[in-house]
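Work through these exercises with the model open beside you. Try each task before you read its solution.

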Amino acid sequence: ASDEGGFVEDRPDSPGTSDIAPATLETQLTAKMTVALHALAPTTDAAQLLGQVERGRNGAFADRLGYCVLVGSFDGWDRGVAQAQEIALPEDAVDEAKAMRDHVIAAMRARVEERALSADESDALESLRPTMGYFVDVLGPDAVAKGAATTVVIIAAGLWYVGAFFVGLAALAVLAVLCGGGKLRPIFVPAASSHAAVVLGETFLLWITLFLTLNVLAAVVAAPFAARLGGAGSLLVSVAVMFSSLAALAYPASRGVHWAELRRLIGLHAGAGFVREALHGVVCYLCAVPLLVAGLVVFAILSAISEAVAGDAAPPSHPVVELFADAGVLQVCALFLLASVTAPIVEEIAFRGLLYGHLRGVVAPRVRLISMIIAAVASSAVFAVIHPQGVLFVPALGGLAVGFCLYREMRSSLVAPMVAHGLNNAVTLTIGLTLMS
């Protein structure tokens, strides 16, 4: 009971919980690559290596403590101890932060003394893994192996995207030549009446309202139950919310646009056959990669300008990234179900089906090129804005979405954009999970 007469929750400390924010994934990934580089080139100057992880030095407490561990690894463990002793403790978690720092310092001192950690020291260090992540490994024998594995994954991912970029660029060039020569024509047909086009816009507004409302309700009502199932429970709730939002597709019938016509207008059909359209989806993904890269270039420019004006900012990230580090089998399956199946189906129906179809029907529908460009850019901008990666990342996501719009125009059916969307998310998710495993 509190002095004011109310009650205070008697909550035992749970293993693995912490009031201190964990080291960021960006800092941990950079640390892994830097440790691998140090192993490959041990004569590299310590200052140069530490310069690669400078962001961690100015980050939150766990990042700064991790930076001290890297100082010890690259420049001598005694120097790491000295730096760790000088770190200011966060005012809202002084005791916990001091205990963390003491455990890390004890591990670094053991390295100075060239002795193995005692059982108690090992247990104490392992208890920091939820907060310190890879930096716990830097204090042990597995740092180089994990760092090298991460570097291999990053190189493989880089090769994948380089290959996809050039193949996609060639595919875009071939597409432009065939369309320019009249040998290939888009088969998308805008809504025949302005009424039908307006109904598509109304349905999109209803969908996004329903989607946001269901997310709020899920956070209030379903989250406590989902929490009992762990991360997988929350992800499955998100799957249910996304599919439930498609109830908005019942609205057009009340406005005289019935299901058969609606399916044709939004591309919810198999086109020339599901298998054939799915194969076009693979090409759609490849064509979208160069547009994604162009968007990333714009993002890099905007980020540099923002950093020069306002200083360092957190890199773009999605909330599900925080689930990567300790995802179990069920959670991984739920992640792929959400990102590679549910999101492509629901978001393509909403953005390339309803919104793109609406814009193509109301913005100069008889002038295909102008109408297509305006509809693609506008719908892709809205698509990018509702994602949580931040405003600066809009050009990158928008470029990807324009690629999906291109094949919505060429094929009419949503199958190709859905497959491309799912493939992009699956590749991104696989890389992320592999990096953090």
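**Exercise 1.** In which helix is Val297 found?

*Solution.* Val297 is found in helix H15, residues 274–310. Helices are DSSP runs (H or I, at least four residues), numbered from the N terminus. The model is predicted: local features need pLDDT of at least 70, side-chain atom pairs count only at pLDDT 80 or more, and totals for chains, interfaces and linings use all residues. Residues are numbered from 1 along each chain as its sequence is written, and side-chain values use heavy atoms, leaving out hydrogens and water.

**Exercise 2.** Classify Val297 as buried, exposed or partly exposed.

*Solution.* Start with the cut-offs: buried means under 20% relative accessible area, exposed over 50%, partly exposed in between (1.4 Å probe, protein chains only). Val297 has a relative accessible area of 48%. Val297 is therefore partly exposed.

**Exercise 3.** Describe the aromatic pair of Phe188 and Tyr356.

*Solution.* First, the rule: rings of Phe, Tyr and Trp (its six-membered ring) pair if their centres lie within 6.5 Å; planes under 30 degrees apart count as stacked, over 60 as edge-to-face and the rest as tilted. A search of the whole structure finds eight aromatic pairs. In the pair of Phe188 and Tyr356, the centres are 5.7 Å apart and the planes 70 degrees, so it is edge-to-face. Next, place the residues. Phe188 lies in the loop between helices H10 and H11, and Tyr356 in helix H16, so the pair ties together parts 168 residues apart in sequence. Last, check burial. Phe188 is buried at 1% relative accessibility, and Tyr356 is buried at 0%.

Note on methods:
Helix = DSSP H or I, 4+ residues; strand = E, 2+ residues; numbered from the N terminus.
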